[in-house]
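Student: I have a sequence and its 3D structure open side by side. Could you go through some of it with me, one question at a time?

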Amino acid sequence: MKKNLEIAIIASLRAGKRIMEIYENEDFEVDFKGDDSPLTKADLASHQIIMQHLSATDIPVLSEEGRDLSYEERKNWSSLWIVDPIDGTKEFIKKNGEFTVNIALVRDQKPVMGVIYVPALKELYYAAENMGSFKVDDIVDFSGMKTLEASAVKLPKKNLNKKFTVVASKSHLSEETKDYISQLEEKHGEVVSISKGSSLKLCMVAEGKADEYPRFAPTMEWDTAAGQAICTFAGKTVHDHNTGEEMLYNRENLLNNWFLVK
């Protein structure tokens with residue numbers, strides 16, 4: 001498990017470095033739907049770097065870039081990597097820094113390891129079964145697990161919020177989410193609502209910066225698998241709104257149901 005974690009961390013950092021080269025040096029005036037756009041280039045470059053690293057593990061990969069993989073082909077995979085080379089494309093385009101590289105290891109439909117790197121903020125979140133969840137600040141390069149662990153802070157950190165805090169989507173705030181926040185206000189009095197992009201919302205709950213993250217709008221498995229691992233091993237839960245249970249992965253339909261993180 002530790003070797004796979006190391007591989008995933010190195011992959012995320014190297015992908016992040018390449019993304020930042022494109023993010024800081026490319027012309028953002030071009031069409032974002034085109035093959036030549038900075039987003040397309042960064043997405044593809046990140047995907048290729050991650051795939052190069054994960055191929056050493058002999059564990060199959062489900063990536064947003066390979067979303068057309070048939071269920072017949074993957075339904076018998078007991079273990080798989082679930083990857084989003086760039087999560088938070090709107091955040092990337094807006095240049096607000098709130099985009100991430102997500103890598104999760106899933107076993108028997110449950111995330112058992114997660115790595116989320118935030119290249120623009122140089123923040124790394126990682127978690128693994130029987131290990132816990134951690135955050136490392138100001139990291140660009142990998143210089144060994146011992147060095148990394150020495151600077152890692154265990155999650156959740158102490159929650160210093162005086163008021164009940166909800167984190168929601170920057171780009172997808174649905175009416176149902178607004179209604180849910182209103183219900184929380186009735187229950188808790190004043191509720192602080194924070195808007196964040198990408199899987200950073202899951203990280204904020206794991207970290208203790210937010211109490212809940214309601215997501216009553218569409219997401220895909222690669223948007224949440226790594227963040228779910230980081231939340232789970234920080235003692236939080238990601239509940240599937242339809243089943244009332246922990247959200248499962250490598251399903252036939254890769255579109256997630258609504259969910260609540262707390």
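Student: Is Cys-203 buried or exposed?

Tutor: Happy to start there, and keep in mind that this is a predicted model. A residue counts as buried when its relative accessible area is under 20%. Cys-203 has a relative accessible area of 1%, so Cys-203 is buried.

Student: How far is the sulfur of Cys-203 from the closest cysteine sulfur?

Tutor: A disulfide is a covalent bond between the sulfur atoms of two cysteines. To count as one here, the two sulfur atoms must lie within 2.5 Å. The closest cysteine sulfur to that of Cys-203 belongs to Cys-231, and it is too far for a bond, at 7.1 Å.

Student: And how many disulfides does the structure hold?

Tutor: Cys-231 is in no disulfide, with the sulfur of Cys-203 as its nearest cysteine sulfur. Cys-231 is buried as well, because its relative accessible area is 0%. For the structure, the number of disulfides is zero.

Student: Cys-231 is listed among the buried residues of α8. How many of the residues of α8 are buried?

Tutor: The buried residues include Trp-222, Asp-223, Gln-228 and Ile-230, along with Cys-231. Helix α8 has 12 residues, 221-232. The helix is mostly covered, and the buried count is 11 of 12.

Student: What span should α8 have?

Tutor: The expected span is 1.5 Å times one less than the number of residues. The end C-alpha atoms of α8 are 16 Å apart, which agrees with the span that its 12 residues should have, 16 Å.

Student: Which side chains make polar contacts with the side chain of Asn-256?

Tutor: Asn-256 sits in the loop between β11 (238-240) and β12 (259-261), and it counts as buried because its relative accessibility is 5%. Leaving out residues up to four places away in sequence, Asn-256 touches Thr-219, Met-220, Glu-221, Thr-224, Met-247 and Arg-251. Another, at 2.9 Å, is with the side chain of Arg-251.

Student: How many bridges join β5 to β6?

Tutor: In the hairpin of β5 and β6, three residues lie between the strands, and Asn-130 takes a positive phi near 65°. Ala-127 stands opposite Ser-133 in β6. The two strands, β5 (residues 123-128) and β6 (residues 132-136), run antiparallel, and the number of bridges is five.

Student: Why is β6 largely enclosed by the rest of the structure?

Tutor: In a regular strand the side chains alternate between the two faces of the sheet. In β6, Gly-132, Phe-134 and Val-136 are buried on one side, and Ser-133 and Lys-135 on the other. The strand is largely enclosed because its buried residues number five of five.

Student: Which residue of β7 stands opposite Lys-135?

Tutor: β6 and β7 pair in the antiparallel sense, over three bridges. The residue of β7 opposite Lys-135 is Val-153.

Technical notes. Residues are numbered from 1 along each chain as its sequence is written. This is a predicted model: local features need pLDDT of at least 70, side-chain atom pairs count only at pLDDT 80 or more; totals for chains, interfaces and linings use all residues. Side-chain values use heavy atoms; hydrogens and water are left out. Helices (H or I, at least four residues) and strands (E, at least two) are DSSP runs, numbered from the N terminus. Buried means under 20% relative accessible area, exposed over 50%, partly exposed in between (1.4 Å probe, protein chains only). A polar contact is a pair of N or O atoms within 3.5 Å; within protein, one must be able to donate a hydrogen and the other to accept it, and residues adjacent in sequence count only if both atoms are side-chain atoms. Contact means heavy atoms within 4.5 Å. Two strands pair if DSSP finds at least two bridges between them.
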